[in-house]
Every structure is written in structure tokens, then in C-alpha cells.
Amino acid sequence: MVYIVSWDDFVERSVQLFRASPQKTRYVMKYRHSDGKLVLKVTDDKECLKFKTDQAQDAKKMEKLNNIFFTLMARGPETDITEVTGKEQATQPAKRGRGRKQ
């Protein structure tokens, strides 16, 4: 069990692992508040992929990974996931301030 350093590499390898054996693959996330660390683990009992972070901004990335896995589980492992990863970026509205006009 080695931690994967690159987020993109972790996502890519996790999706490949799920597509290879969708019935046996598990996805687990664990958060330790005392340490402030989030650990994501994807395994099929033969191969184990782990990613560890302590950055709050990585929570959005984890949410994207959840959406990818939900899509693959609901629609099947052959589903194209580019629509899932691209949709979230396009649907976020631009934030406008409520401050005083100058």
C-alpha cells in the first residue's frame, strides 16, 4: 500500500481499477479531525491505491471523484466520464460581491 502523490494519477488509476473489476472494487474515505488528514482508498483486494491530503481545497477534488464513481456505478463501467468532469466547472456561477458600490 503505497500512497500516490499526484491527484490526477490517483484518479486515473482508480477509474482503471474500477473498470477492470467493478464488482469487487471498493472506495473508502477516512477523515481524522485530530490530524486534519483525509485519506482516500480504492481497492479490489489485489491492488490498493491510496491518496492522503491535509489541504482543504482537495475536498472539491474528492467530490468530483465521488461523482465519477457514482456515474460509473449507475451507468456502467464503459460510461464516458468526461461529461461528469467537465459539467461541474461549467455550471458554477460567477460570484458577485454584495459590497458597497463605488
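## Exercises on helix packing and salt bridges

Helix 1 (residues 7-20) packs against helix 2 at an angle of about 15°, and their axes lie 11 Å apart. The model is predicted: local features need pLDDT of at least 70, side-chain atom pairs count only at pLDDT 80 or more, and totals for chains, interfaces and linings use all residues. Residues are numbered from 1 along each chain as its sequence is written, and side-chain values use heavy atoms, with hydrogens and water left out.

**Exercise 1.** Classify the orientation of helix 1 relative to helix 2, and state which residues make the contact.

*Solution.* 

Step 1. Helices are DSSP runs (H or I, at least four residues) and strands likewise (E, at least two), numbered from the N terminus. Axes are lines fitted to C-alpha atoms, for helices over the stretch in contact, with angles from 0 to 180 degrees between N-to-C directions.

Step 2. Because angles under 35 degrees count as roughly parallel, helix 1 is roughly parallel to helix 2.

Step 3. On the side of helix 1, the contact (heavy atoms within 4.5 Å) involves Trp-7, Phe-10, Val-11, Ser-14, Val-15, Phe-18 and Arg-19. Helix 2 contributes Lys-61, Met-62, Leu-65, Ile-68, Phe-69, Leu-72 and Met-73.

Step 4. By class, this contact has 11 nonpolar, 1 polar and 2 charged residues. Here Ala, Val, Leu, Ile, Met, Phe, Trp, Tyr, Cys and Pro count as nonpolar, Asp, Glu, Lys and Arg as charged, and the others, Gly among them, as polar.

**Exercise 2.** State how many salt bridges the model has, and describe the one between Lys-60 and Glu-63.

*Solution.* 

Step 1. The count comes to 5 salt bridges.

Step 2. Lys-60 and Glu-63 meet at 3.9 Å, N to O.

Step 3. Both residues lie in helix 2 (residues 58-75), 3 residues apart, so about one helical turn separates them.

Step 4. Lys-60 is partly exposed at 44%, and Glu-63 is partly exposed at 36%.

Definitions and conventions: Salt bridge = Lys/Arg side-chain N within 4 Å of Asp/Glu carboxyl O. Buried < 20%, exposed > 50% of the residue type's maximum accessible area, 1.4 Å probe, protein only. Parallel < 35°, antiparallel > 145°, perpendicular 65-115°, else oblique.
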